[in-house]
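Subject: Structure handover

Hello,

Here is the structure for you to look at. My notes on it follow below.

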Amino acid sequence: MTTRLEDTDLEGLAEKAGHELEDAPALDILRWAADTFGSRFCVTSSMEDAVVAHLASRAFPGVDVVFLDTGYHFPETIGTRDAVAAVMDVNVITLTPRQTVAEQDAEYGPRLHDRDPDLCCALRKVQPLEEGLREYDAWATGLRRDESPTRAGTPVVGWDARRRKVKISPIARWTQADVEAYVAEHGVLTNPLLMDGYPSIGCAPCTRRVLEGEDNRSGRWAGSNKTECGLHG
């Protein structure tokens with residue numbers, strides 16, 4: 001495994017790369033990540049689509065693709081994960097929370113996601129991801145600036161201060177049209193729910209279809225002030 005860099009070196013590297021790669025194609029950004037971090041680099045995927053995983057497989061065949069199985073996913077999401085593992089040149093790693101849904105219900109009461117969605121996300125997403133990323137210096141996400149106001153400032157390469165890691169968002173500058181064009185050109189796997197009124201897919205209890213004219217992420221935690229799960233905040 002590639003030797004880990006010091007935090008100060010990583011932070012400086014992230015800042016420098018963020019400026020130098022701002023206008024670079026997504027594939028070049030991922031090639032830089034592969035060349036810089038080697039096996040200490042991974043991709044995270046919610047299995048909404050496999051665009052970043054596909055891009056990363058071209059830059060770094062066999063790259064680790066980390067998926068969080070919260071225990072609340074739609075069957076279509078699990079099916080997309082399994083399909084990605086079967087057909088792409090990637091190594092899918094599934095992370096799970098410390099507690100099963102039943103164990104969480106026993107400790108906190110049923111439907112914690114309705115009563116305290118922030119705590120539920122912390123237990124079932126944030127904590128497992130932080131534990132799963134310990135062996136890596138850098139991780140890639142599918143964040144895009146056009147998805148929501150909270151993501152408008154997403155850098156293509158930045159510093160994840162909370163986790164002390166380099167955070168790479170190679171398609172940050174892409175639009176939805178860019179994503180759709182890439183999917184069509186390369187035949188990339190996508191979650192079937194994208195064609196069924198779910199432009200943003202999370203856990204089943206906290207995700208609904210989006211109505212015409214609504215923001216793509218308006219179906220996530222609908223009826224609450226929550227807009228992010230905490231993985232990127």
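Is Cys120 buried or exposed? The model is predicted, and in it Cys120 has a relative accessibility of 6%. Buried means under 20%, so Cys120 counts as buried.

The cysteine set

Cys120 belongs to a set of residues marked in a record. The UniProt entry, which is unreviewed, carries the annotation "binding site" on Cys120, Cys121, Cys203 and Cys206. These residues are spread over 87 residues of sequence, yet they cluster in space, with a largest C-alpha distance of 10.8 Å. Cys120, Cys121, Cys203 and Cys206 also take part in the lining of the largest cavity.

Cys120 sits in helix 7, which covers residues 117-132. Not counting residues up to four places away in sequence, Cys120 touches Tyr72, Gln104, Leu112, His113 and Lys125. Cys206 is placed in the segment after helix 8 (176-186). With a relative accessibility of 16%, Cys206 is below the 20% limit and therefore also counts as buried. With residues up to four places away in sequence again left out, the contacts of Cys206 are His113, Gly219, Arg220 and Trp221.

Elsewhere in helix 7

Gln127 lies in helix 7. The relative accessible area of Gln127 is 25%, which makes this residue partly exposed. Leaving aside neighbours within four places in sequence, Gln127 is in contact with Arg98 and Ala122. Pro97 is 30 residues from Gln127 along the chain, and their C-alpha atoms are separated by 7.3 Å.

Strand 1 (residues 41-44) pairs with strand 2 in the parallel sense, over three bridges. Within this pairing, Val43 stands opposite Val65 of strand 2. Between the two strands the chain passes through helix 3 (residues 51-59), and this β-α-β crossover is right-handed.

On to the next pair: strand 2 (residues 63-68) and strand 3 (residues 90-95) are parallel as well, with six bridges. The bridge partner of Val63 in strand 3 is Val90, and that of Phe67 is Thr94. Here the chain goes from strand 2 through helix 4 (residues 75-87) to strand 3, in a β-α-β crossover that is right-handed.

How many residues of strand 2 are buried? Six of the six are, so strand 2 is largely enclosed by the rest of the structure. In a regular strand, side chains alternate between the two faces of the sheet. In strand 2, Val63, Val65 and Phe67 point one way, while Asp64, Val66 and Leu68 point the other way. Asp64 is buried along with the others.

Helix 2

Helix 2 runs over residues 26-37. At 1.5 Å a residue its twelve residues should span 16 Å, and the end C-alpha atoms are 16 Å apart, so the two values agree. The buried residues in helix 2 are Ala26, Leu27, Ile29, Leu30, Trp32, Ala33, Ala34 and Phe37. An α-helix has 3.6 residues a turn, so residues three or four places apart point the same way. Just after helix 2, Gly38 adopts a positive phi of about 55°.

Regards

Technical notes: Residues are numbered from 1 along each chain as its sequence is written. This is a predicted model: local features need pLDDT of at least 70, side-chain atom pairs count only at pLDDT 80 or more; totals for chains, interfaces and linings use all residues. Side-chain values use heavy atoms; hydrogens and water are left out. Helices (H or I, at least four residues) and strands (E, at least two) are DSSP runs, numbered from the N terminus. The expected span of a helix is 1.5 Å times one less than its number of residues. Buried means under 20% relative accessible area, exposed over 50%, partly exposed in between (1.4 Å probe, protein chains only). UniProt positions are given in the numbering used here, feature names are shortened, and annotations may be inferred rather than shown by experiment. On a 1 Å grid over the protein atoms alone, a cavity is a set of points where a 1.4 Å probe fits but cannot get out, and a pocket is an open set with protein on both sides within 12 Å along at least five of seven lines; lining residues have an atom within 4 Å of a point. Contact means heavy atoms within 4.5 Å. Two strands pair if DSSP finds at least two bridges between them. A crossover is right-handed if, with the strands pointing away from the viewer, the path from the first strand over the helix to the second runs clockwise.
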